[in-house]
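Keep the 3D view open as you read.

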Amino acid sequence: MKLLILVALFGLSLAQHNPNLRSGRTSIVHLFEWRWADIAAECERFLGPKGFGGVQISPPNEHIVLNNPWRPWWQRYQPISYNLCSRSGSEAELRDMITRCNNVGVNIYVDAVINHMCGSGGGEGTHSSCGSWFSASKKDFPSVPYSSWDFNDNKCRTGSGEIENYGDPYQVRDCRLVGLLDLALEKDYVRGKVAEYMNKLIDMGVAGFRVDAVKHMWPGDLDNIFRRLKNLNTKWFASGSRPFIVQEVIDLGGEAISAKEYFNLGRVTEFKYSAKLGTVFRKWNGEKLCYTKNWGEGWGFMPNGNALVFVDNHDNQRGHGAGGASIITFWDAKLHKMAVGYMLAHPYGQTRVMSSFRWNRNIVNGKDQNDWMGPPSYSDGSTKPVPINADQTCGDGWVCEHRWRQITNMVIFRNVVNGQPFANWWDNQSNQVAFGRGNRGFIVFNNDDWALDVTLNTGLSGGTYCDVISGQKEGSRCTGKQVNVGSDGRAHFYISNTEEDPFIAIHANSKL
């Protein structure tokens with residue numbers, strides 16, 4: 001009997017590692033701070049047709065509204081209640097978006113903020129996205145409802161009530177993170193309220209959750225909450241499907257709290273991937289692209305089946321979180337396209353692409369003074385829609401990296417090579433490398449300061465292929481470079497180091 005229970009529990013946790021992506025889709029995009037109406041439209045006009053598997057959305061719960069600084073992005077991470085009205089839209093708009101995206105094969109993953117409520121200095125009144133009254137000083141949130149009984153202040157052993165020592169796992173989990181009121185997740189009542197919130201979203205049709213600030217919660221508390229979650233809505237998902245769980249744990253090694261403490265509950269964000277890939281492509285600390293032949297677990301990353309990977313995310317692109325200045329973002333467009341291309345071509349991890357908005361960078365002594373800035377907004381603080389330009393890029397301050405041709409086409413590349421083994425590695429012992437995915441795809445990078453000129457075994461069948469970086473296949477022609485693969489699978493590649501995009505990718509579906 002005990003063995004049966006263990007098998008059932010193991011199966012439950014393994015199921016939470018599965019992103020439930022529809023057949024033939026492999027990647028998630030984070031549409032950071034987009035409005036629900038814009039995401040719905042983007043699923044229908046672009047993400048569905050281009051083969052994206054899912055969207056991570058910003059927290060949909062009622063949040064504090066701050067005017068100092070003016071409407072920062074991080075106000076979304078200060079809950080007032082679990083009402084579903086945020087600056088991205090109303091509950092009705094959220095429900096409409098989930099339905100429309102599911103109907104075109106694109107999953108929705110919710111950024112769930114369940115460790116805390118708003119900051120202790122958040123005041124009181126109705127300055128919240130739904131207009132609900134609250135009092136931060138009294139720890140009174142009647143719209144949930146939570147009262148002072150539902151917070152961890154009695155457990156925290158520091159004089160300030162804040163985390164004072166990140167080397168102490170008790171402080172990290174029982175005290176306030178930067179002043180945020182820390183929920184007592186060991187209480188059955190609090191667990192029930194969190195699960196009720198997440199289950200409402202599951203009923204609406206979401207496929208899973210990115211859970212914020214996970215290292216600040218005890219694994220046992222999360223396990224209890226996740227066990228209360230319903231199976232996914234059978235209107236769109238197979239009967240018995242469990243919600244996908246991605247846990248945000250920043251662990252670069254040597255931390256008091258390790259990512260592996262959470263592996264049994266779901267996937268975990270692999271921040272080392274982001275930091276190391278940036279160092280390699282920037283050629284810092286003597287790193288070279290040729291060293292990535294054993295990329296993945298060979299670099300000390302977590303086991304493949306546990307990892308969610310990304311080149312940058314909404315935190316570390318601003319210098320928060322992990323990785324510092326090595327992180328490659330849209331501000332370094334050339335390197336960003338190459339790094340995202342590498343990630344999408346390589347089989348390691350569940351991939352997530354970042355889609356950002358611009359802000360007015362102001363670097364002083366290495367620190368961005370404007371890293372708080374919220375999304376493109378009108379004078380009343382409401383978020384602007386995302387306009388699509390004639391060339392398919394976005395306007396009005398929205399970056400939309402996922403719409404950059406090179407990144408969109410690599411999302412398609414990953415779909416085409418899915419399940420194929422890493423193969424046919426080549427390098428020049430410096431920063432020129434190439435590798436294939438079985439007999440379905442091949443990619444070549446030149447990150448050196450001189451031209452690449454070489455003939456390589458691609459593993460692909462003979463014929464003419466369109467490079468999907470400089471262009472793509474349209475009908476019976478290539479809009480960019482052509483690559484001729486011989487009957488022996490070999491092809492000649494020339495890539496100048498001065499090109500806008502010094503890499504080439506071909507796959508089975510780009511063959512003329």
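**From domains to one threonine**

UniProt lists "domain: Glycosyl hydrolase family 13 catalytic", from an unreviewed entry, at residues 26–414; such positions use the numbering here, feature names are shortened, and annotations may be inferred rather than shown by experiment. Residues are numbered from 1 along each chain as its sequence is written, and side-chain values use heavy atoms, with hydrogens and water left out. This is a predicted model: local features need pLDDT of at least 70, side-chain atom pairs count only at pLDDT 80 or more, and totals for chains, interfaces and linings use all residues.

Over residues 26–414 the chain is 24% helix and 13% strand (DSSP runs numbered from the N terminus, at least four residues for helices, H or I, and at least two for strands, E). The end C-alpha atoms of that stretch sit 7 Å apart. Now look at residues 423–511, which the unreviewed UniProt entry calls "domain: Alpha-amylase C-terminal". There you'll find 0% helix and 52% strand.

Next, zoom in on helix H6, residues 219–227: its buried residues are Pro219, Asp221, Leu222, Ile225 and Phe226 (buried means under 20% relative accessible area, with a 1.4 Å probe and protein chains only). They're on the same side of H6, because they cover an arc of only 160 degrees around the axis, taken from the directions from the helix axis to the C-beta atoms.

Finally, find Thr351 in strand E12 (residues 350–355). Thr351 is buried, at 0% relative accessible area. Leaving out residues up to four places away in sequence, Thr351 touches several residues, including Ile28, Val309 and Arg414 (contact means heavy atoms within 4.5 Å).

Technical notes:
Buried means under 20% relative accessible area, exposed over 50%, partly exposed in between (1.4 Å probe, protein chains only).
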